[in-house]
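Trainee: Could you walk me through how to read a fold, one feature at a time?

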Amino acid sequence: MPFEIGPLLAKAIVLCGSAIGGGIALIAGIGPGIGEGYTAGKACEAVARQPESEGMIVRTMLIGQAVSETTGIYSLFFALALLFFNPLIGYLGL
Amino acid sequence: MQVSIGGTVLYRLFNIITITDMVVVTWGIMLFLSILAYFGGRLFKNRPIDKPPEGIENVVEAIYDLISGFVVNSMGEHNKKYISYFGTLAAFLLVANLSGLVGFRPPTSDLHTTAALAILTFILVQKTAFRGGLLSYLKGFAEPFFPLLPLNIIGEVAAPFSLTFRLFGNLLSGYLIMTIVYTALVKIWPLFFLAQPLHFYFDVFAGVIQTLIFVSLSMAYITNKE
């Protein structure tokens, strides 16, 4: 008897793959982590060198960090989509 | 656990317009801000200009000074007309982000709200870029030289997307983590107070920072196009 994949098993495989994919997508969090830490360190150096322009430095640092955070947020959105909205289930045609 | 990008549907109007719980919370925030603005503005009606401010007038003036100083610092003296827009934007975003503190799901954790706000910024940016006429608008896409045209177009379209997803992702992840913590504590509800300090990070800190970032990035996009 040939092995046949039933609808329940197919769904389980898709859900399993989505969960693993969501976890892997969040590896992208490494990049923003390193980048934002580097920016904060540089901002610390700048404040140490010029304490009088602290406000401007902090504001610039926050904007730069927000921009470099974008890739992390994209990966977070993909992980959330894979975990909770299950976009791949529709491809099964069940 | 079920999560949606757009809240739960409460009512469908003619099958086209859907009223979700996020929309109702947004209406509440609009009402709250409108009442504040009405009573704040009424203080300054029929008021002699040389009279020093007293009591609550100081607070209203301090808030206005904060916003106008921020706009003038980032965009320059000639862009004072943007004070009203960015003041409204900052007030709405701040109240919306902090509404998680009183038990609502923040409306900014709904993709539709953040997309609408990002589209507003996108329209303002395009309008600013268009000020020099059609020819210079089209020429702006071929800077610094022509082969970069597709990259420039992608960069132009990516800006509202990144604005949308940054706010949405931050607020939704904060809301999700708070929901997960509260769900985990349901069986041992006397320990609910353990989750309270997390509000300080996910609602207050992230909310204020994201408000600041959304407003400053909008300003930066607009001033870049001048």
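Trainee: How many helices and strands does chain B have?
Mentor: Keep in mind that this is a predicted model. Chain B contains seven helices and two strands.

Trainee: What are the dimensions of the C-alpha trace of chain B along its principal axes?
Mentor: The C-alpha trace of chain B spans about 65 × 55 × 40 Å.

Trainee: And how do I read the contacts in chain B?
Mentor: Look at how far apart in sequence the partners lie. Of the contacts in chain B between residues at least 6 apart in sequence, 64% link residues at least 24 apart.

Trainee: What share of chain B is buried?
Mentor: Burial is a matter of relative accessible area, with under 20% counting as buried. In chain B, 39% of the 226 residues are buried. The accessible surface of chain B is about 13,300 Å², and carbon and sulfur atoms account for 73% of that surface.

Trainee: How far apart are the mean positions of the positive and negative charges in chain B?
Mentor: They are 7 Å apart, taking 14 positive and 12 negative charges.

Trainee: How many disulfides are there over all chains?
Mentor: The test is a pair of cysteine sulfur atoms within 2.5 Å, and the count over all chains is zero.

Terms used:
Residues numbered from 1 in each chain as written. Chains lettered and ligands numbered in written order. Predicted model: local features only at pLDDT ≥ 70, side-chain atom pairs only at ≥ 80, totals over all residues. Heavy atoms only, no water. Helix = DSSP H or I, 4+ residues; strand = E, 2+ residues; numbered from the N terminus. Buried < 20%, exposed > 50% of the residue type's maximum accessible area, 1.4 Å probe, protein only. Contact = heavy atoms within 4.5 Å. Areas by Shrake-Rupley, 256 points an atom, 1.4 Å probe, with all protein chains shown as cover. Lys, Arg positive; Asp, Glu negative; His and termini not counted. Charge placed at Lys NZ, Arg CZ, Asp CG, Glu CD.
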